[in-house]
Every structure is written in C-alpha cells, then in structure tokens.
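Student: I'd like a close look at a single part of this model, please. Start there, and then link it to what lies around it.

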Amino acid sequence: MAVTKRIIPCIDVDLDEDGNPAVYTGVNFEDLKHTGDPVEMARQYNEAGADEFVFLDITASAEGRETMLHVVEQVADEVFIPLTVGGGIRTREDIKETLRAGADKVSINTAAIENPDLVDAGAAAFGSQCIVISVDARRRYDEQGEHYEQVDGESCWFECTIKGGREGTGVDVVEWAREVESRGAGELFVNSIDADGTKEGYDIPLTRAVCDSVSTPVIASSGCGGPEDTREVFADADADAALAASIFHFDEYTIREVKEYLDDRGIPVRL
Amino acid sequence: MSLSEPPSEALADVVIVDYGLGNLRSATRGLERAGAAVTITDDPDDFAAADGIVLPGVGAFREGMENAGPYREALADAVARGQPVFGICLGMQMLLTSSEEADHAGEGDVVGLDFIPGRNVRFAEGQKIPHMGWNELSVERPHPLVTGVEGSDRGGSVDGEHAYFVHSYYAVPDDDEAVVATSDHGRTFPAVIANDDGTVFGTQFHPEKSGETGLTILRNFVDICSPP
C-alpha cells in the first residue's frame with residue numbers, strides 16, 4: 001500500500017477562429033492540430049480513469065486567460081479530481097484568480113525564471129501544494145552546465161528554456177529544481193524539448209536527474225508514445241506522475257489501457 | 001454571504017467556513033452534488049442554524065489557525081451542541097491540539113481547536129514530501145462517514161478504494177480509537193479521524209477531489225447532517 005503512480009492527460013487550450021476554446025496538440029511545440037472541446041474532453045478522460053488534469057493555455061493572451069478560467073470553472077463544477085492550470089500565470093493575482101476558478105494547482109514556468117520570488121510569494125500565500133514549477137528542458141553538450149549526465153556515451157546537461165523552447169536561459173535544470181524546491185514549490189513538471197512530439201519515450205536521464213535531486217513529486221512530460229513509455233519513466237526514473245497528450249487525444253490508447261498495462265507489471269496505479 | 005442558491009430539495013444545510021484563500025468551489029460543488037444546500041460564510045453567527053459545519057483547508061497550520069481564530073468559540077459551541085463538524089485536510093489537522101508545523105517555523109506553539117486531542121507531525125526525511133497523489137484507504141473501524149467505502153482487506157496491493165492526498169504533516173491522535181481509517185506513506189498514518197461521540201471528524205485527503213470515493217464520503221456527511 002503506497003501512493004500510486006498518476007496518469008495525467010494534458011489538455012492544451014487555444015482559441016478557435018470564433019474565439020471559442022479548442023484543444024490543440026502539437027509536435028515539437030509547433031504544428032498544432034485541432035482535436036476538440038476541452039470540457040467534453042475532460043469529461044471523457046475522467047470516465048476513463050484520469051488521476052488529474054493539466055490544462056495549458058497556449059495562447060498566452062488576455063483572451064486566452066479569460067477563456068481558460070471559464071473552462072476551469074466548468075470542469076471543476078462537474079469533475080471531482082485535481083486540476084492544474086498553466087500558461088501565462090505571471091503574478092500573485094493570476095494565481096489567486098486561477099485557484100478561485102476551481103484550479104487546485106497552478107503551473108508556472110517563464111515567470112518563475114524571470115522572478116523567482118514569485119515562487120516564495122505564491123507558496124506563502126496559497127500553500128506549497130498548489131505551486132507547480134514547470135521547466136522546458138533541452139540537452140546541451142557544451143561545458144556551461146553544472147550537472148552532467150551520460151547519455152549514449154556523451155556528456156550533457158539540461159538547460160531551462162522559455163517561450164516554448166525558443167529561448168535558452170543558461171539555467172541548469174537540476175540546480176533550478178533544487179532552488180524552487182527550497183523556495184516552496186510543491187511539485188515539478190518536467191518537459192523535454194528534445195523528446196516533445198517524438199513519441200519515442202520520456203527523457204529518462206532528464207527525469208531521473210531531477211527526481212534524484214529533490215524530494216518533491218515530479219511529473220514527467222513529453223515523448224510518450226504508449227504504455228511502455230510510462231512504465232519506463234516510473235520504473236527507471238522514479239517519476240511520480242506521467243503526463244501525456246496526443247496518445248489520448250487521438251485515441252491511440254485509453255487511460256484505462258495504460259493503467260492496466262502498468263498494473264500487470266507491478267506498478268501501483270488507481271484502477 | 002452565499003455563493004449558491006439551495007437546491008429545491010436539499011437534504012441538509014451545510015456551512016463552509018471561509019477563513020482564507022484558495023479553492024472552495026470544488027468543496028461547494030461536491031457537497032451540492034451530495035445533496036446539501038451550501039452556504040460559504042465568514043460569520044460565526046451562521047453556524048448555529050446549520051445542520052453541519054465544514055472546515056476546509058489548504059495552506060499552513062499557523063495561518064490556518066490564525067485565520068480560524070475568530071471562529072474558535074463558535075465552533076466549540078457547535079461541538080457542545082453535538083452539531084457535526086467536518087475538517088478537510090488542514091481543516092482536519094486543526095481539530096487536534098497542536099502541530100509540529102508551527103514549531104518548525106520557530107515561532108512557538110500554535111494551539112489547535114483541541115476537539116480531538118493529539119498533534120500533527122511531519123513525515124520523516126527520505127519520503128517524497130509533500131505526500132501528493134492517490135493513496136489507498138484502509139478502514140479500521142466503522143463510522144458513518146466511511147459507510148460503503150471499501151477497505152484494503154480484499155487482498156492485492158491496490159484493491160482498496162483510493163483518495164487524493166496533499167500534505168506534509170499527519171495527525172497523531174492521543175487515543176488510537178480516534179483513528180477511523182489509515183493510509184500508508186513510508187509509515188501508516190490516519191486518513192480519517194473522529195472524536196469519541198463521532199460528531200467531530202475529518203479526512204486528511206480531499207473528498208471533493210477523490211472522484212466517486214470522495215462523493216460517497218460527502219454523501220455520508222450529508223446523511224449524518226440530515227435532520228431526522
């Protein structure tokens with residue numbers, strides 16, 4: 001008897017041409033494809049046994065934020081599992097507004113890198129349990145990092161990027177994870193720019209490096225192509241939760257299929 | 001101050017004590033789904049007329065108790081009258097006498113509500129902290145709050161029903177009999193506690209975030225509150 005490994009579908013919320021909320025799925029943070037209505041999708045995932053939801057506002061606009069809050073209200077009113085909301089959350093007021101709409105946690109990325117005090121302020125005001133720090137990591141093979149991993153015989157470090165992976169920051173992901181933990185983050189959400197959209201599996205060295213460095217729970221993200229990838233990230237990297245988008249959006253696998261696969265292989269899940 | 005109109009055939013009138021920030025929406029909607037008419041209130045004068053009182057809670061023990069300070073007397077009166085009082089997460093921890101969490105901040109003791117004697121202590125180093133996620137419930141003794149919740153005695157590693165937890169501290173009641181259900185995170189800890197006469201109780205997990213299992217518990221709470 002122990003805390004179970006979580007399977008979390010991610011729902012990227014954008015606006016369609018009429019300004020209504022719509023779900024999109026991308027490949028390498030670009031080339032987005034429209035795949036449905038976010039509230040309806042949340043209902044279906046809840047039925048299928050999702051452990052939580054992550055909603056990301058990928059518009060990063062005022063209209064996007066407002067639409068997202070409305071989506072969160074609708075989902076929170078009928079689906080009784082935890083909701084994390086990310087994208088464009090920059091201030092203490094944004095956090096408060098999002099929680100009041102019915103979110104349980106907020107995911108903060110760029111704003112935390114630019115203003116780390118936001119992590120402390122958010123944790124002090126609302127509790128660590130609702131402050132999730134999201135990192136978009138990419139591998140670098142130069143000598144400017146602080147923490148190196150051996151990957152396929154080469155030595156690399158992981159850099160925090162911002163703006164959907166388009167801009168580097170020079171910040172080492174492992175050092176950053178330790179810092180935000182000490183500032184009060186309650187969970188870490190680790191995306192991989194290299195693995196995103198590939199469906200070739202999570203970035204195991206990245207996820208393991210972060211899990212080994214902090215005691216807060218870690219959500220692994222990017223690269224999931226099927227049930228075996230989730231097994232690997234739980235068994236080999238010690239992730240607490242695995243996030244996936246496209247395999248569920250395009251009905252390649254149901255959440256229940258993934259959880260049954262894990263259960264059969266001795267990974268504790270909630271069925 | 002009311003956020004929602006009572007449903008036409010509410011089974012019980014429940015107040016949620018609004019003493020802080022955060023997400024009260026899910027608890028409100030969950031209780032409404034369970035058949036309650038819910039009033040979110042920061043006025044202790046609203047307690048006496050209610051069929052039950054919910055102490056929600058996210059955040060830190062010290063802040064929680066400071067914010068709940070103005071309600072201490074009204075809550076004690078409610079308990080003396082035998083009104084059901086239900087603490088959720090931090091709200092459950094506040095039902096006890098004290099918390100190590102307040103000591104850790106180096107700011108001296110903060111006294112809890114002391115309806116269920118005991119203290120709250122932090123999970124040992126080496127565990128993932130916070131304990132966050134779905135964990136299995138093991139029902140240790142009968143209490144109306146857990147009626148219909150399957151315990152973990154059916155065999156297998158994850159056969160019991162699951163609830164959603166987020167916390168770094170756990171309750172240690174002085175009296176083992178106060179423990180209604182347990183869960184496990186490196187050690188066994190109380191997931192549901194109740195006082196001697198069963199009118200004051202709490203869950204360490206969030207029933208409003210625990211899917212069908214959570215809704216069962218919220219329905220049980222509404223049943224406990226329903227006037228005969």
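Tutor: Happy to! The expected span of a helix is 1.5 Å times one less than its number of residues, and helices here are DSSP runs of H or I of at least four residues, while strands are runs of E of at least two, both numbered from the N terminus. What you see is a predicted model, in which local features need pLDDT of at least 70 and side-chain atom pairs count only at pLDDT 80 or more, while totals for chains, interfaces and linings use all residues. Residues are numbered from 1 along each chain as its sequence is written, with chains lettered from A and ligands numbered from 1 in written order.

Let's zoom in on α6 of chain B, residues 211-225. This helix has 15 residues and spans 21 Å between its first and last C-alpha, close to the 21 Å expected at 1.5 Å a residue. For burial, count the other C-beta atoms, placed from the backbone, within 10 Å of a residue's own: 20 or more is buried, 12 or fewer is exposed, and anything in between is partly exposed. By that count, the buried residues of α6(B) are B:Gly211, B:Thr213, B:Gly214, B:Thr216, B:Ile217, B:Leu218, B:Arg219, B:Phe221, B:Val222 and B:Cys225.

B:Arg33 belongs to α1 (residues 25-33) of chain B and is partly exposed, with 17 other C-beta atoms within 10 Å.

Stepping back to chain B as a whole, there are six helices and 13 strands, and 55% of its 228 residues count as buried. Two residues are in contact if their C-beta atoms, placed from the backbone, lie within 7 Å. Of the contacts in chain B between residues at least 6 apart in sequence, 71% join residues at least 24 apart. B:Pro142 sits in the loop between β8 (138-139) and β9 (162-167) of chain B and is exposed, with 10 other C-beta atoms within 10 Å.

The backbone has some details worth a look. Most residues other than glycine have a negative phi, and most peptide bonds are trans. The bond from B:Ile129 to B:Pro130, however, is cis, with omega near 0°; B:Pro130 is in the loop between β6 (118-122) and β7 (131-136) of chain B. B:Cys89, though not a glycine, has a positive phi of about 60°. It lies in the loop between β4 (85-88) and α4 (90-93) of chain B and counts as buried, with 28 C-beta neighbours inside 10 Å.

Now to the partner chain, starting where the two meet. The contact takes 32 residues from chain A and 34 residues from chain B. On chain A, the elements that give two or more residues to the side touching chain B are α3 (92-100) and α5 (117-126), and α3(A) gives the most, with three residues. For residue classes, Ala, Val, Leu, Ile, Met, Phe, Trp, Tyr, Cys and Pro count as nonpolar, Asp, Glu, Lys and Arg as charged, and the others, Gly among them, as polar. The side of chain A that touches chain B then has 16 nonpolar, seven polar and nine charged residues.

Those two helices also pack on each other. With axes taken as lines fitted to C-alpha atoms, for helices over the stretch in contact, and angles running from 0 to 180 degrees between N-to-C directions, α3(A) and α5(A) come within 10 Å and cross at roughly 40°. That makes α3(A) oblique to α5(A), since angles under 35 degrees count as roughly parallel, over 145 as roughly antiparallel, 65 to 115 as roughly perpendicular and the rest as oblique. This contact is made by A:Arg92, A:Ile95 and A:Leu99 of α3(A) and A:Ala121, A:Gly122, A:Ala125 and A:Phe126 of α5(A). By class, these residues divide into five nonpolar, one polar and one charged.
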